[in-house]
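Subject: Structure for you to look at

Hello,

Here is the structure I promised you. Please open it first, then read my notes below.

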Amino acid sequence: MISNNIKAHSALLSVNIIYGANYLIAKGLMPDRIGASALVFLRIAGAGILFFILKFFIKEKLDKKDLKLLALCGLLGVCMNQLFSMNGLSLTSPVDASIIVTAIPIFTVIISYFLLKEPLTTQRILGVSLGALGAILLIYLGNSSLGSGSITGNIFVFINALSYSFYLVLVKPLMQKYKPVTVICWVFLFGFIFMFPFGISQLITTDFSVYQATDWTSLFYVIVGPTFLAYLLNMYALQYVKPSVSGSYIYVQPVVAMLLVAIVTYLYATSNYKGDITFEKLLCCILIFIGVFLISSKPLSYFKKS
């Protein structure tokens with residue numbers, strides 16, 4: 001019989017494979033088949049409906065004084081997160097986007113220091129410095145003529161990661177007070193309200209009549225996979241493993257994105273992704289990985305002495 005621990009790790013691996021593949025799949029839809037903001041509209045609306053179906057079976061009363069915080073979480077964790085994520089991805093390389101997002105644990109540590117007064121050790125300061133250096137260099141590399149990267153797209157993805165990091169810090173007390181499904185339903189509801197004016201105009205001008213089977217499959221994947229299914233799997237895993245363990249699986253995302261880009265480039269000589277994987281980008285990736293490792297691991301012996 002498979003233990004709950006193994007099931008949890010399998011769930012986390014699945015979550016980050018889903019996210020990693022989404023960079024290439026969502027990128028394939030934008031902007032020829034659908035605008036980035038219209039895709040965000042469908043993604044939030046579709047996943048939100050599925051979450052509310054689950055919420056129907058969970059009865060839990062909400063304290064009205066928490067509505068303002070839930071609204072802020074909806075703005076940061078759903079509206080801004082999704083709009084900057086998809087619009088950034090539509091302008092830049094899937095590889096760049098997947099690497100920048102791995103800096104979320106680094107941003108979270110910085111925000112927690114200022115908002116929650118969580119201590120910053122020497123090891124964490126070094127980790128934040130290395131990770132930030134990697135992220136900033138990668139954004140700059142988006143200006144290169146090689147590959148499909150873009151400095152504007154990279155900045156958008158950076159803002160996406162930053163807004164989601166604020167969300168992770170602010171939503172923590174709500175997650176401790178209510179059941180996760182209750183929180184996510186309200187967060188998605190407010191997120192949808194804030195996002196509506198940005199996505200509706202693009203959505204009504206989208207020509208779905210030209211969609212082929214592959215387009216519908218990709219759209220279904222983007223709506224259900226990285227939003228609804230991935231969140232449920234992550235909630236399941238967090239019942240059996242620590243959040244730090246869950247966070248460490250974020251490394252899987254750029255690996256999956258790079259593998260898929262390499263496969264597409266190999267199969268299609270005319271691929272737009274040629275030049276997306278470079279030594280400089282791999283170096284930035286390593287810097288961020290080391291940074292996240294330092295801030296999420298227990299104090300190493302050298303730093304205990306210092």
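Of the 306 residues of the protein, 48% count as buried. Buried means under 20% relative accessible area, exposed means over 50%, and partly exposed lies in between (1.4 Å probe, protein chains only). The protein exposes about 15,300 Å². Carbon and sulfur atoms supply 70% of that area. These areas come from the Shrake-Rupley method with a 1.4 Å probe, and for residues only the protein chains shown count as cover.

Two notes on the source. This is a predicted model, where local features need pLDDT of at least 70, side-chain atom pairs count only at pLDDT 80 or more, and totals for chains, interfaces and linings use all residues. Residues are numbered from 1 along each chain as its sequence is written, and side-chain values use heavy atoms, with hydrogens and water left out.

Now the fold. The protein has 13 helices and 0 strands. Both are DSSP runs numbered from the N terminus: helices are H or I with at least four residues, strands are E with at least two. Take the contacts (heavy atoms within 4.5 Å) between residues at least 6 apart in sequence: 88% join residues at least 24 apart.

Next, the cores. A nonpolar core is a set of buried Ala, Val, Leu, Ile, Met, Phe, Trp, Tyr and Cys residues joined through side-chain atoms within 4.5 Å. The largest one has 72 residues. Within this core, M30, I34, L39, F51 and M86 touch the most other members. Helix α2 (residues 36–55) gives the most to this core, with 10 residues. A second, separate core has 8 residues, including A8, L12, V252 and V256.

Look at M86 in detail. Leaving out residues up to four places away in sequence, M86 touches N22, A26, M30, A36, L39, V40 and R43.

How do the helices around it pack? Axes here are lines fitted to C-alpha atoms, for helices over the stretch in contact, and angles run from 0 to 180 degrees between N-to-C directions. Angles under 35 degrees count as roughly parallel, over 145 as roughly antiparallel, 65 to 115 as roughly perpendicular and the rest as oblique.

- α2 and helix α3 (residues 67–91) pack at about 140°, with axes 9 Å apart. They are therefore oblique to each other. A36, L39 and V40 are among the α2 residues that meet α3, where M86 is one of the partners.
- The axes of α1 and α3 come within 9 Å and cross at roughly 70°. These two are therefore roughly perpendicular. N22, Y23, A26 and K27 of α1 make the contact with M86, L89, S90 and L91 of α3.

- P31 lies between α1 (4–29) and α2. A cis peptide bond joins M30 and P31, with omega about -5°.
- D66 sits between α2 and α3. Is D66 buried or exposed? It counts as buried, because its relative accessibility is 10%. D66 touches L174, K177 and Y178, not counting residues up to four places away in sequence.
- Y240 is in the loop between α9 (213–237) and α10 (243–248). Y240 counts as partly exposed, because its relative accessibility is 38%. Y240 and N5 are 235 residues apart in sequence, yet 6.1 Å apart in space, C-alpha to C-alpha. Y240 touches N4, N5 and A8, again not counting residues up to four places away in sequence.

Best wishes
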